[in-house]
Amino acid sequence: MARVPVGAYVPGDTFFHKAHPFVKFYWVLSFVVFCFFNKNPYINYALTALALVFVFLSKTFPSYVRAMVIFGPAAFAMIFLQSVVPPAVFDNPQFLSDLGPFQLYTESIIYGMLFSSRILCICSWSILMLMTLHPASLSSALQRAKVPYVVNFMITTTLQLIPILQREFGIILSAQKSRAMQAQGFKALLPSIIPVFAGAIDRVAQLSMSLETRAFGSDNERTLLRYNKFTIKETTLSILALVPVFVVFYGRLRMNAFIPEGGFSLTPGAGVAIVVFCGVSFLLIIFGATLAIRLFGKS
Amino acid sequence: MNEQVDSQKLSSATGGGVPLTYVIALVPVASVLNVIGGTVASALKLPIFLDMIGTAVVAMTLGPWWGALVGVITNLTLGFVTGPVSIPFAACNVVGALVWGYGTRWGWANDKVRFFGLSVASAVFVSLMAAPIVIFVFGGATGHSSDILTAGILASGADMWAAVFSSNIIVSAADKILSSFLALAIIGALPTNLQVTGPIMAQEDMGKAVLITAGTVVGVILTVVSMTLL
């Protein structure tokens, strides 16, 4: 059976679940800005660790791990690919060691770590937001934010249909497997994809008819089932979300974007270990994706 | 009242012949098809994306900007589901929609050879859009299996731009040609009054489509290898 989409809402009653969608969105946006302007990967890794603490507090750890399995290969591949590229953008790069056909430089490895830490940090915070954000709250928040009703309807419908069609695809794939048909590779593509698409087209006709019969486009004001009021507490928390933005811009202007005065340093052994570890991990995850999903993908 | 006016505008934007509710139902379903395409590709362990089939369907039937809306909604929704990594790639979806939509409007979808050209053009333009995103936002790697190709091309001495574009165009050529032919199959199942953009050829045998795709990919690989060696 197909899995429920990663990062989707995990029911709960913690502080994060109760927080206003806008407040969560502002904080994630603030961390996105921070990660892109900060040039010290270790700070981004520390923020990722902080996100992990909050993931534990919000009791969403299993879903978080399942979501991050997708980003693992990206994080490792970024470090590996940047490390094996000659550091054209740096003056006087510090040579570390040879690794097969590649020459490793400290700056290249740190550059790769910077990209990977950005993705890990941004994904961790945004997945935490998504796992504690009910889709109905999202829809209400979008409506309150004056997003056009038609666009809001399309986004909400898409979010609702994704798990339904994923489940249908899982059923079709299981049916194909039970009939001893191929379930991998290009030969399996058409027998598994055409029934899903046929079902989707049927759904368009049904949805269109439902919209016609329920007077879609009526100009009456909609009532919202779930909406958290934006009180003084929410306003304060939203203003506090500006702190990371101010800190990172101060760091860019006065603290060399948080880069240490002597620059970053790595020993040759550490550099080689990082690159080999990331290269091997990337390949293992890509080729052992099935195993990873079996290990971490069960809810 | 304003929404009724908006509704009339939407309906007239599709040529007036398509019911507005059908458009509003088709756009989210097409976005979901994009998402499901990605799920199918990963479940069947295919080294392609298949995440623009819905975009192609809507761009070729309703027009380029409706296709672009599908692209934006797809990546925005994926951002809500899996995190923000997919959001920058909305630009690729928009570019693909514009190529398919305007190509259909200019008569490139009513003949086999031209349709193949349209598919290749969409692959090239999408790769041109994707390469800067992959390099500037992700540092050259996105965790897709095509990163192995990138690493291989880098090992042969190419720079990051050439490596990322080459690996992307190889995957994209296969992806966009297959997506185009799958889109044709879906369009064949939709009501004919939806085809307001331009004439679209009849559905092609998928066996032939796979052969065409394989041939094109081999051609692109040979071109990339010869350019790398030279």
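Helices (H or I, at least four residues) and strands (E, at least two) are DSSP runs, numbered from the N terminus. With that in hand, chain A has 12 helices and 2 strands, and along its sequence they come in the pattern α-α-α-α-β-β-α-α-α-α-α-α-α-α.

A word on the ground rules. This is a predicted model, where local features need pLDDT of at least 70 and side-chain atom pairs count only at pLDDT 80 or more, while totals for chains, interfaces and linings use all residues. Residues are numbered from 1 along each chain as its sequence is written, and chains are lettered from A and ligands numbered from 1 in the order in which they are written.

Let's stay with chain A. Its domain assignment (bounds come from an automatic or database assignment) gives domain 1 (15-134 + 228-296) and domain 2 (146-213). The C-alpha centres of these two domains of chain A lie 33 Å apart. Two residues are in contact if their C-beta atoms, placed from the backbone, lie within 7 Å. Among the contacts in chain A with a separation of 6 or more, 82% join residues 24 or more positions apart.

For a quick geometry check, take helix H10 (residues 242-254) of chain A. Its 13 residues should span 18 Å at 1.5 Å a residue, and the end C-alpha atoms are 18 Å apart, so the two agree; the expected span is 1.5 Å times one less than the number of residues. After H10(A) comes A:Asn256, with a positive phi near 50 degrees.

Now for the interior. A residue is buried if 20 or more other C-beta atoms, placed from the backbone, lie within 10 Å of its own, and 39% of the 299 residues of chain A count as buried. A nonpolar core is a set of buried Ala, Val, Leu, Ile, Met, Phe, Trp, Tyr and Cys residues joined through C-beta atoms within 7 Å. The largest one has 158 residues, of which A:Met78, A:Phe80, A:Ile119 and B:Val27 touch the most other members. H8(B) gives the most to this core, with 18 residues, and each of domain 1 and domain 2 of chain A supplies at least three. Leaving aside residues up to four places away in sequence, A:Ile119 touches partners including A:Met78, B:Val85 and B:Phe138.

Finally, the contact between the chains takes 53 residues from chain B and 65 residues from chain A. On the side of chain B that touches chain A, H2(B) gives the most, with 16 residues.

Conventions. Buried ≥ 20, exposed ≤ 12 C-beta atoms within 10 Å, placed from the backbone.
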